[in-house]
Amino acid sequence: MPFVRISLRRGKSQEYLAALADNVQRALVETFDVPENDRFQAIHQHDENELIFDRSYLARPRSDDFVYISVAIGRPRTAEMKAALYRRLAELLAQSPGIRPEDVMIVISTSAPEDWSFGDGIAQMTDPDWRLRAVETRP
């Protein structure tokens, strides 16, 4: 149930954005035990003065193609799984859409199951009867 926010500078093509989003999902599926259809993403494009980043803090020099990926997750993952995600995501994004690994910043945040509502005004992950009520209320 990750929710991914992808931030980058404005001006990339729809194909670029699709490759970026698709490969983020692919990396999550391959390394983070995420079901393929569990996909919630938001892409935020910013003007030059709206995405501010240090060009070299704790990494090689970053370019204008810098992308910030924030992954909010419910179930904690091991340090090994997180490291695998970082590696795989940098690898996939280098392949397509062609983002240099040094331009990829990833931050993972963990929250509790009760912090998520997928709709209907309920916290599905903590409500044992939500599936039953959902079936009963369908037209």
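In the predicted model, ring pairs link Phe 40, Trp 116 and Phe 118 into a cluster. Rings of Phe, Tyr and Trp (its six-membered ring) are taken to pair if their centres lie within 6.5 Å, and planes under 30 degrees apart count as stacked, over 60 as edge-to-face and the rest as tilted. Because the model is predicted, local features need pLDDT of at least 70 and side-chain atom pairs count only at pLDDT 80 or more, while totals for chains, interfaces and linings use all residues. Residues are numbered from 1 along each chain as its sequence is written, and side-chain values use heavy atoms, with hydrogens and water left out.

Three aromatic pairs were found in a search of the whole structure. One of them, formed by Phe 40 and Phe 118, is tilted, with 5.8 Å centre to centre and 55° between the planes. Phe 40 lies in the loop between helix H1 (14-31) and strand S2 (41-46) and Phe 118 in the loop between strand S4 (104-110) and helix H3 (130-136), so this pair ties together parts that are 78 residues apart in sequence. Helices (H or I, at least four residues) and strands (E, at least two) are DSSP runs, numbered from the N terminus. Phe 40 is partly exposed at 38% relative accessibility, and Phe 118 is partly exposed at 37%.

Phe 53 and Phe 66 form a stacked aromatic pair, 4.3 Å centre to centre and with 20° between the planes. Both Phe 53 and Phe 66 are buried; buried means under 20% relative accessible area, exposed over 50% and partly exposed in between (1.4 Å probe, protein chains only).
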